[in-house]
Every structure is written in structure tokens, then in C-alpha cells.
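Please keep the sequence and the structure in view while reading.

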Amino acid sequence: AMSSEDVERGDGDDGFERFERLGRGLARAAKRELSASCATSSAATKMTCATLVLGCAARKMVIGEKTFDAAFALEAYATTRKPWTLVTSGYVERSFAALVVDCWGLLYIGGILEPVWGAKELTRFVVGVNLATTTLAWLSMCALYALSAGDEFYLFAKFSGFHGVLAALLLALRQTSPEEPVFAGEGALGAGTSGVVASLRALRNKHLIGAYLCFTAAYAFMSGGAHHHVGLYLFDIWGAYSAWVYLRFFQPHGSGARGDDSDDFAFAALFPPAARPVIARVSAPIGAAARALEARRRRAREEADTRAVASTATAKPAQSPAAAAAAAVVRAKLESSSAREEDDDAKSKREARAARGRALVEARANADASP
């Protein structure tokens, strides 16, 4: 969050100076938040940022864009021959500006999600969403090629980027803290009342994903539909959607429950109120299928747990050869010790009987000898 000293403005400043000071305040806040996020981020998050930086640098300054894209970017026609591009294309940015946005977003949003989820869950989320995004984008380009009656534009388009995961992180931020203001604090943006400042003050985390998707859609449209801009928007759409499916139905929680079934996180709730009834009807079959799949998985886990408990209670554990030999030696020792105890007992009984016999003989002899 920005502090009050980030933006210092006077009432007599003209419009240009106001926006200039606002921009400097935003830059200082972004720099401060980035430094704090770098200090607290996990090793996996920092390694992901390093991968993005190295990939972009190699593409721009070392290998060359055409050669690098041929090897690592996603291309619908070549994906079956180069399946690794379903993984690598999500970690290769095409411009330094996009690289800065992606790294800042990963560090900043990751710093918010990591204390809630844990580093392992955040890493699993990023890797899983990236693979789902690239796979769905590839299938979409194949479908667009078929629907366009063989337009090779879709078949040979090469695209890559981390923006699908960035959209997924923004959606996760909406789930975790939707009403949190992006610029917290009364004096975060100074004392001005201009339209821009008022809009920034009203900005909440739940607004970021919609603003990002609208901005990228406008950017792709205004660019004239270049190959990588079509892929950019497909990455954004599928990144946000795959993240919603995972968070809504499959994300594990400590209590054993999965997903988030709150009304505020329904798919229709992600859209403006006027569009929600239509979106709810269109998305209902997909939600029902996901819930049925999760219920089937839950029943399978419960049946497996029941069988494991039953087999543990009834089955006798098998002994290894060494354990069986040791048990045989112990049994032999016990048996020999028991035999020795039986022999000693029989001997003592015989000696007692012999002593009683001698005593009787001596008694009779004494009786006969007496007058």
C-alpha cells in the first residue's frame, strides 16, 4: 500500500504536474512493494522470475527471436512434433515491458497468496495453470482453424507468455481478498479529488481481473490481430478459467474439503450484474460436470480408505525369512528350556519317593528288632 508521502500535491498545481506527481507516487509505491515482495518470496517464486528473465533475454539478445520461437513458442501445427512447447511457451515473454509486469505481478500477488496457501501450493498452482492454459490455447487454435475453413493464420501462429498465469493469480487474489483496496490508506494517493484519483481509491482487488482482461482484449483488437496478440488473449481467457475451475472445485484445504462453493465465487459472479443470468445458464453444465467428477473422486478415496482399514485389521503381516528364522530359534530355546525344567522336576520326585521308601524300610527293621 502507498503511504501519504508517496504523492505530494498542491492545490495550485496544473493538470500536468498533478499527473506527473501521481505517476511518481505510483512508481515509488510499486518499487517499495516489489522490494518487500522479493525479500519475502519463496525460492520457487524467485526461480520462476529468474526463468522468465533468462528466457526473455535469450530470445531478445542471444539466440534470436525466430530461432527461439521455433523451438519454444506454441504453434498449433507443430505442437504434436514438439510437445515440450506446451510447457516452455508459458515461460517465454516476448517483450521486456511484459516481463516487468509479469515478474512484478508474480512477486506481489505471490507475496499475498503464499502465507495463505503455502509455497508448495502456490508452485503447484502456477505450474498446473500454465500447462492447462497452453493446452487449451493450442486446442482453441486448432478449432479456430477448422471453423475458419482452413485459415492458416491460426495453424501457424506462434505465441508465448506468462500472462495466462498472471490472469490466474489475479483471479486467486479476487478469491482471497476481494474487498481489499489496491491502494490502502486514507492518504495513499494524496488529498486530490480528481476523477483519476477517485477511481484509484475505489479500486478493489476484485476489480483487477476484469480490468486486466478488458485491457488485453482491447490491446489484441487494436493491434490488428497479430499472431501473438491472438495467443495473448487466449492465454488470458484460459488462464483465468482454468484457475477458477481449480479454485472452485479442486483446491485442497487443511480440513479435507476441496474447492470454494461460496456464491461470491460463482462463475457468473465474475461478470457484470447485467450479464450474470446468461452466464449462469451457460456455465451451469460445466459446473455440474466438475462437481460430479469431484464427487466421484471423493467416493473413490473413501472406498480406498475403507478397504485399507479393513485389510490392516484382518490381514496378518507377512514375516521376512530373517524374522521367521529368528522366531524358530526362540521357539527351540523355549522348548529345550521347558524340557530341562520337566527333567529336573521328575528327578526330584524320584528322589523324594526313594527317601520315603528308605524311611519305611528302616522303620520296619527297627520294629522287628525291638523285643
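This is a predicted model: local features need pLDDT of at least 70, side-chain atom pairs count only at pLDDT 80 or more; totals for chains, interfaces and linings use all residues.

Which residue forms a salt bridge with Asp 69? The partner is Arg 59, and the closest N and O atoms of the pair are 2.9 Å apart. This pair links distant parts of the chain, with Arg 59 in helix 2 (residues 43-62) and Asp 69 in helix 3 (residues 65-72), 10 residues apart.

## Arg 59 and its other partner

Is Arg 59 buried or exposed? Arg 59 is buried, and its relative accessible area is 2%. The side chain of Arg 59 also meets that of Glu 65 in a salt bridge, at 3.8 Å from N to O. Glu 65 is partly exposed, with a relative accessible area of 36%.

In general, side chains of opposite charge can pair when their charged atoms come close.

## A pair within one helix

A further salt bridge is formed by the side chains of Glu 121 and Arg 124, with a distance of 2.3 Å from N to O. Both residues lie in helix 6 (residues 119-147). Because they are three residues apart in that helix, Glu 121 and Arg 124 are separated by about one helical turn.

How accessible are the two partners? Glu 121 is buried, at 8% relative accessible area. Arg 124, by contrast, has a relative accessibility of 45% and counts as partly exposed.

## The chain as a whole

How many salt bridges does a search of the whole structure find? The search finds eight. The protein chain that holds them has 13 helices and two strands.

The protein chain exposes about 21,600 Å², of which carbon and sulfur atoms supply 64%. Contacts can also be sorted by separation along the sequence. Among contacts between residues at least 6 apart in sequence, 70% join residues at least 24 apart.

Definitions and conventions: Residues are numbered from 1 along each chain as its sequence is written. Side-chain values use heavy atoms; hydrogens and water are left out. A salt bridge is a side-chain nitrogen of Lys or Arg within 4 Å of a carboxyl oxygen of Asp or Glu. Buried means under 20% relative accessible area, exposed over 50%, partly exposed in between (1.4 Å probe, protein chains only). Helices (H or I, at least four residues) and strands (E, at least two) are DSSP runs, numbered from the N terminus. Contact means heavy atoms within 4.5 Å. Accessible areas come from the Shrake-Rupley method with a 1.4 Å probe; for residues, only the protein chains shown count as cover.
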